[in-house]
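Here is a short report for a reader meeting this structure for the first time. Look at the model, then read on.

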Amino acid sequence: MPRSGRRPAVPRPLALAALPAALLALICAGPAPAATAPGAGSPARAGVTTDARPAVRALVPGGAPRSPGRARAFDLAPARAALERLLPRHGGQFTLVPDTDTTAGADTFTVSGTAGAITVRGSTGATLLTGVGWYLQHVAGVDIGWPGDSLGMLPARLPAVPAPVTRSAQVPHRYALNDTDDGYSGPYRSFEEHQRQIDLLALHGINEVFVQVGAEYPYYRALQGFGYSAEELRQWIPGPAHQSWWLLQNLSGFGGPVTERLMRERAELGGRIAEQLRGLGMTPVLPGYFGTVPPGFAARNPGSATVPQGDWAGFDRPDWLDPASPAFGKLAAAYYAEQREVFGDSTMYRMSPLHEGGRTGSVDVGAAAGAIQGALHAAHPGALWAVLGWQDDPTAELLAGVDTSKLLILDGLSDRYNRLDRETRWGGTPYAMGTIYNFGGHTTVGANSSVWIERFGPWRDKAGSALAGIAYLPEATGTNPAAFDLFTDLAWEHGPIDQRAWFADFAARRYGRPDAEAAAAWEELRTGPYSTSSGLWSESQDSLFTARPGLTAAGAAYWSPKSMRYQAGSVRRALDHLLKVDPALRASSAYRFDLVDTARQALANHSRVLLPKIKAAYEAKDLTRFRALTAEWQDGMRKLDAVTGSDPAFLLGNWLSGARSWGGDRAEQDRYEYDARSLLSVWGRRSTSEAGFLHDYANREWSGLISELYAPRWERYFASLDEALVRGTAPREIDWHAFEAEWAGRTTRHPSRPAGDPYRLAEAIARALPSAAATR
């Protein structure tokens, strides 16, 4: 089925002359034993753009080619096109000027101009857009958020800049996207959706972006030269919704099999995303090869050594090819060659060997890391290896084996724990301060934003600091627009950020002009969910409405906080204030999203008050009170489904229709819908869902998901308790996995357009909830 935004692919032969000599030598060294020579009998590349792109010149962080003594010339067309997409009514009032200053090292923009004639000068296309974003926030006083905007409040003629303003990036690396983002944010998105994401990232100063879409195709192509059939590999590669964890070497196969057509089209999409980033002077961060192989690799390639990786949450992990094996260099070279054909070259690659419990066996980790880096540099001389700082990784053994000047650690724990000393922990290896304030795509509001402000400046400025960047790493993007704005601002503000003043300014631009009620709402949110502390968690609690039913339920996802991380009254009061915002400011998508999100959160927080009351009534055998309270619970879920149905960011229908749009026939469409549905519910098979505690990991309060899965689940549970009270017996056992698996296998349709008046629906929730004064 054709999808919007795809271009016809034109196959071209790989230009071997364009390859680095070291890589060419490895490719020409011949196939691995018992392997089919790459190219000999290999499948045709029809349908995939395979033009060989010239090797990218040495880049400064951010990807903009900079040659000593030359102007930083770049094509303005991609930045201009992005500007027209972002500001279709006002883009013509901006003049974009390349910065030709060859002495400045950091990415820099300057904003100046008179009314209706704004000039932005910048060091890259993306930095020009960052300058536009600064102007919108600080001069025009509007917001383009993720999601929601207040662009409708812009005057026809843009206001003048009082005096020219110059900003330089405070750190060279501004990295974005978790390894799980493609799974949890939308594995079946179109090019236009990814393009919008890139535009927003550039607008907020990001210069390095992880590109995961289509990453399976180089594996598929390369491994056919090492003894595997196309059919075997299609069975081994999981469906798109679960591929993030396959690339992390956590699982294989689930949600598939995939078709070659799907892989070709995803590879083409990934190539377009990479080209979009390059056009803006941003670095496409591509997956590197560190040794993941299908079962039986050593038997098919004599002389190879593989290490079984054991179990991850009940899934059998793929084997790890010892990087010291002769076949490793050959397979890595084949992988990078196949990757180059579709994705082109980059200067930065993502790899996390031994992620979350991988087994080393008898492998020397330092030597293995050196071989992994060596294979990367053979294909891409001097490329930066980006590794996730998570749990105990990267270990001292891994760091000892590599050139750490060519390594960047993306710290996923910077705001989660206390007493962190990254220089001591990682021996001075460059790292980026990161945040993971969202897990699994939860719709919960909040972040440890005060911790970011407290730590970023002192960590960067202390003697011997190795802090070289920021890393925007929520497991899913497109939630918490205030958190996205604030975290990315860290890299561009010259002095310490005053959190209270920042949120006051955010409230004003979020709806297009200052409003006392909006300011009061965001002050409540600032002191509540956006000022949670470090020590144990980096995200707020999820909702009990989305939890598997139980009278003692304390959270939906197994690894989420089990209690409130802030005073619930802050969100309840914020809702009251938002409902009083000037009617003239209520038309924007930013106001609608924030109102719906705050009403949703206030109702979700109330679930933690209501469930203990239901438990007490049941244990007291008070059937009348039990029925009244459970009716209140179910009415709350109906209100929750209705209010989330009034904003496009909370619709299950978009998630499901996206998955089906990639299928070539009904069977394939159903398979991809199952892949997408299962990620939200059971996540995997029974063993992984139950023993691996993965069920509901990606819970989220979305219209359709609430009405079709969560509400019926609680309704069945309450019915079993009601029956038990009436009969004086124990409640019936319910097989929840079977219940959830049946839902995951459905193909029911859901709206992909919002319905209802968000203001009236949020108002109804406020009336139904206890007053702010009564909220603990």
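## A covered helix

Helix H6, residues 216–223, is mostly covered: 8 of its 8 residues are buried. The model is a predicted one. The buried residues of H6 are Glu216, Tyr217, Pro218, Tyr219, Tyr220, Arg221, Ala222 and Leu223.

## The whole chain

The chain has 27 helices and 17 strands. Its radius of gyration is 26 Å, close to the 28 Å that the globule rule gives for 776 residues, so the chain is as compact as a globular protein of that length. Along the principal axes, the C-alpha trace spans about 80 × 70 × 50 Å.

Of the 776 residues, 61% count as buried. Take the contacts in the chain with a separation of 6 or more: residues 24 or more positions apart account for 77% of them.

## Surface and charge

How many positive and negative side chains does the chain have? There are 79 positive and 81 negative ones. The centres of the two sets lie 2 Å apart.

Asp199 sits in helix H5. Is Asp199 buried or exposed? Its relative accessibility is 2%, under the 20% cut-off, so Asp199 counts as buried. Leaving aside neighbours within four places in sequence, Asp199 is in contact with Ala82, Arg85 and Leu86. Asp199 and Ala367 are 168 residues apart in sequence. In space, C-alpha to C-alpha, Asp199 and Ala367 are 40 Å apart.

His204 is found in the loop between helix H5 (191–203) and strand S6 (208–210). With a relative accessible area of 6%, His204 is buried too. Its side chain reaches the backbone oxygen of Ile144 at 3.5 Å. Not counting residues up to four places away in sequence, His204 touches Thr130, Gln137, Ile144, Phe484, Asp485, Thr488 and Trp492.

## Two cis peptide bonds

Most peptide bonds are trans. Which form does the bond from Trp146 to Pro147 take? That bond is cis, with omega near 10°. Pro147 lies in the loop between helix H3 (125–140) and strand S4 (165–168).

The bond from Asp393 to Pro394 is also cis. Its omega is near -5°. Pro394 lies in the loop between strand S14 (384–389) and helix H13 (396–400).

## Positive phi values

Most residues other than glycine have a negative phi. Ala313 has a positive phi, near 55°. The place of Ala313 is in the loop between strand S10 (311–312) and strand S11 (315–316).

Trp683 has a positive phi as well, near 70°. This residue lies in the loop between helix H23 (666–680) and helix H24 (686–690).

Technical notes
Residues are numbered from 1 along each chain as its sequence is written. Side-chain values use heavy atoms; hydrogens and water are left out. Helices (H or I, at least four residues) and strands (E, at least two) are DSSP runs, numbered from the N terminus. The radius of gyration is taken over C-alpha atoms; the globule rule is 2.2 Å times the number of residues to the power 0.38. Buried means under 20% relative accessible area, exposed over 50%, partly exposed in between (1.4 Å probe, protein chains only). Contact means heavy atoms within 4.5 Å. Lys and Arg count as positive and Asp and Glu as negative; His and the chain ends are not counted. The place of a charge is taken as NZ of Lys, CZ of Arg, CG of Asp or CD of Glu. A polar contact is a pair of N or O atoms within 3.5 Å; within protein, one must be able to donate a hydrogen and the other to accept it, and residues adjacent in sequence count only if both atoms are side-chain atoms.
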